[in-house]
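Here is a short briefing to read alongside the structure. Take a moment to look it over, and then follow the points below topic by topic.

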Amino acid sequence: MSENKTEVIVVGAGPAGIACAVKIARSGHKVILIERGKFSGSKNIFGGAIYAQPTREIFPDFEKTAPLERKNVEHKYAILGEYDGTVVSYTNKHELPVSYTVLRGKFDRWMAEEAKKEGVILVEETVVRELIVKDEAVVGVKTELEDYYADIVVLADGVNSLLAKQIGLREDLETKDVAVSVKEVFKLPKEKINDRFHLNDDEGCIYEIFGGSMLGMLGLGFIYTNKESVSIGLGVTLDEFEKHKTKPYELLDKLKQHPVIAPLIKDGELLEYSAHLIPEGGYKKIPTIVGAGVMVVGDAAMLVNNFHWEGTNLAMISGKLAGETAVVALAKGDFSENSLDRYRIELEKSFVIKDLKTYRNLMDEIHLRKESFLKYYLERINMFFEMFISVNGVPKRKLFWDFIKNFIKNRSIKELFKDFFSVVKLLWSILIK
Amino acid sequence: MSLEDKLSKIKYEPDTVSHLRPDQEKCKTCKKKICTYVCPANVYEWIEDEDKLLVKFENCLECGACRIACEKKCIEWEYPKGTKGVTFKNG
Ligand code: SF4
Ligand code: SF4
């Protein structure tokens with residue numbers, strides 16, 4: 001047993017697991033990071049961007065050597081109807097970018113290499129099948145080949161976290177608590193990308209897409225520009241597919257044909273198609289994140305702020321806090337639930353839980369009102385502009401009144417009031433308490 | 001571009017045994033067959049003539065959607081072995 005015993009085992013070499021392992025190794029403790037893929041990042045998918053500030057908290061100089069694609073200077077919000085669209089754009093070419101696009105196959109791999117340089121022992125191509133529990137405390141992991149023992153096991157095994165489920169820290173997820181995301185990456189020459197998206201050099205652009213093929217569904221689309229490729233995808237809540245009799249890739253195909261979107265990826269060569277689940281449950285679905293000998297971080301703890309498209313940053317910070325707690329616990333030699341609970345307390349003090357709490361009602365509310373917020377109003381925004389630009393011999397006053405009448409006629413006063421109260425309720429819970 | 005063409009761009013190392021094992025008896029009485037809608041790789045196909053759910057596990061993208069969506073919670077679902085399954089380069 002002594003050979004196979006270490007101080008900390010971290011399961012999953014994504015942003016959360018790596019951040020955690022690095023923190024522990026830097027304090028001079030032994031940590032083994034176990035990854036099921038061929039290399040770190042090989043099973044990981046996201047839209048496209050990592051955030052600079054939280055990444056710096058783990059790797060202060062990452063901007064010098066990490067494989068970054070582009071620094072994002074432009075954020076576009078595309079509100080799509082069936083055949084038309086309204087795009088709002090915010091540009092800021094700050095010196096210090098807020099986010100960079102990356103490809104996880106390269107970026108996560110780079111992070112894992114950095115972690116190795118700092119003393120983390122990385123074991124790849126190894127699936128942890130089960131946790132070893134003794135006297136109600138987690139004491140190790142069973143892989144396909146061997147059993148490994150540790151004082152602390154950190155679960156960074158992603159959105160599906162079968163391990164957290166095994167020891168009862170989390171319930172089975174419901175279909176409304178996760179979205180399936182599909183993504184395609186298209187190869188395009190750099191100059192073409194820069195022309196199409198109005199970018200210079202290594203500047204990048206992010207599209208958030210509402211409506212289009214997802215009108216009336218709880219789902220959003222995205223586009224990210226990489227150095228020489230463009231990523232496009234969407235995430236739609238699991239319960240929509242059977243209801244709308246459609247499949248994830250069909251929705252993406254339809255979105256790609258939308259007149260606002262199609263020119264952006266035209267003539268691109270498909271490099272890769274991929275899919276992943278996104279935790280959508282928010283604050284109310286955070287599982288128990290601490291037990292005797294065990295902590296849960298990142299997607300495994302459902303830490304995603306979907307309203308702001310934040311996930312990897314919450315993963316890194318939760319990993320970092322769990323890592324710090326592991327160091328404190330190792331110094332004390334106390335791996336009880338009580339001792340590791342420091343992680344939960346620190347996480348609650350941080351922006352991670354505060355933000356998720358702020359938006360705790362958002363998903364439920366949008367779920368209830370998606371016909372309004374993700375269809376009716378999106379369509380009306382486009383109809384407004386269609387009316388506003390029309391030149392058809394009809395006097396403007398009549399056009400305006402027709403639009404207003406139509407707005408009210410197609411949505412009962414009762415529904416409009418419900419929408420209004422829903423917005424008030426949301427604003428209250430976001431801004432006040 | 002068909003889904004088959006899209007899947008052909010992905011690097012797979014398929015195993016010989018399936019890591020996705022639905023309880024075929026339960027599938028027979030399943031009305032909605034949600035697994036045939038949610039899967040981004042169209043792994044599940046209901047074969048009416050054979051009264052059987054076909055599982056093209058070698059196309060699986062390991063997302064986990066079917067496991068959660070199956071109303072009968074009857075899919076025995078595990079990750080493929082460490083050396084098997086999908087490898088994404090541009091995720
Ligand atoms: S949803 Fe579940 S029970 Fe129904 S066919 Fe699919 S696997 Fe079988
Ligand atoms: S895990 Fe995802 S890709 Fe694999 S069969 Fe299930 S739904 Fe399809």
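## Helix packing, domains, interface and ligands

In chain A, helix α1 (residues 15-26) and helix α4 (residues 104-117) have axes that come within 9 Å and cross at roughly 15°. Please keep in mind that this is a predicted model. The points below start with this helix pair and then turn to the domains, the chain interface and the ligands.

**The helix pair in chain A**

- Angles under 35 degrees count as roughly parallel, and α1(A) and α4(A) are therefore roughly parallel to each other.
- The crossing in which α1(A) passes α4(A) is left-handed.
- On the α1(A) side, the contact is made by Ile18(A), Ala21(A), Val22(A) and Ala25(A).
- Facing them from α4(A) are Met111(A), Ala112(A) and Ala115(A).
- What classes of residue make up the contact of α1(A) with α4(A)? There are seven nonpolar residues, with no polar and no charged ones.

**Domains of chain A**

- Chain A splits into three parts: domain 1 (5-67 + 102-170 + 287-357), domain 2 (176-279) and domain 3 (362-431).
- Taken over C-alpha atoms, the centres of domain 2 and domain 3 of chain A are separated by 25 Å.
- Domain 2 of chain A gives seven residues to the contact between these two domains, and domain 3 of chain A gives seven residues.
- The side of domain 2 of chain A that touches domain 3 of chain A has four nonpolar, two polar and one charged residues.

**Where chain B meets chain A**

- In the contact between the chains, 29 residues of chain B meet 39 residues of chain A.
- Helices α1 (3-7), α3 (35-38) and α4 (65-69) of chain B each supply at least two residues to the side of chain B that touches chain A.
- That side of chain B divides into 16 nonpolar, seven polar and six charged residues.

**Surroundings of the ligands**

- Which residues come nearest to ligand 1? Of the 14 residues around ligand 1, they are Pro22(B), Cys27(B), Cys30(B), Cys35(B) and Cys70(B).
- The shell around ligand 1 has 10 nonpolar and four charged residues, and no polar ones.
- Ligand 2 is surrounded by 13 residues, of which Cys39(B), Val43(B), Cys60(B), Cys63(B) and Cys66(B) are the closest.
- By class, the shell around ligand 2 contains 11 nonpolar residues, one polar residue and one charged residue.

Notes
Residues numbered from 1 in each chain as written. Chains lettered and ligands numbered in written order. Predicted model: local features only at pLDDT ≥ 70, side-chain atom pairs only at ≥ 80, totals over all residues. Near = placed C-beta within 6 Å. Nonpolar A, V, L, I, M, F, W, Y, C, P; charged D, E, K, R; others polar. Helix = DSSP H or I, 4+ residues; strand = E, 2+ residues; numbered from the N terminus. Axes fitted to C-alpha atoms, helices over the stretch in contact; angles between N-to-C directions. Parallel < 35°, antiparallel > 145°, perpendicular 65-115°, else oblique. Left-handed = near helix turned anticlockwise from the far one by under 90°. Domains from an automatic or database assignment.
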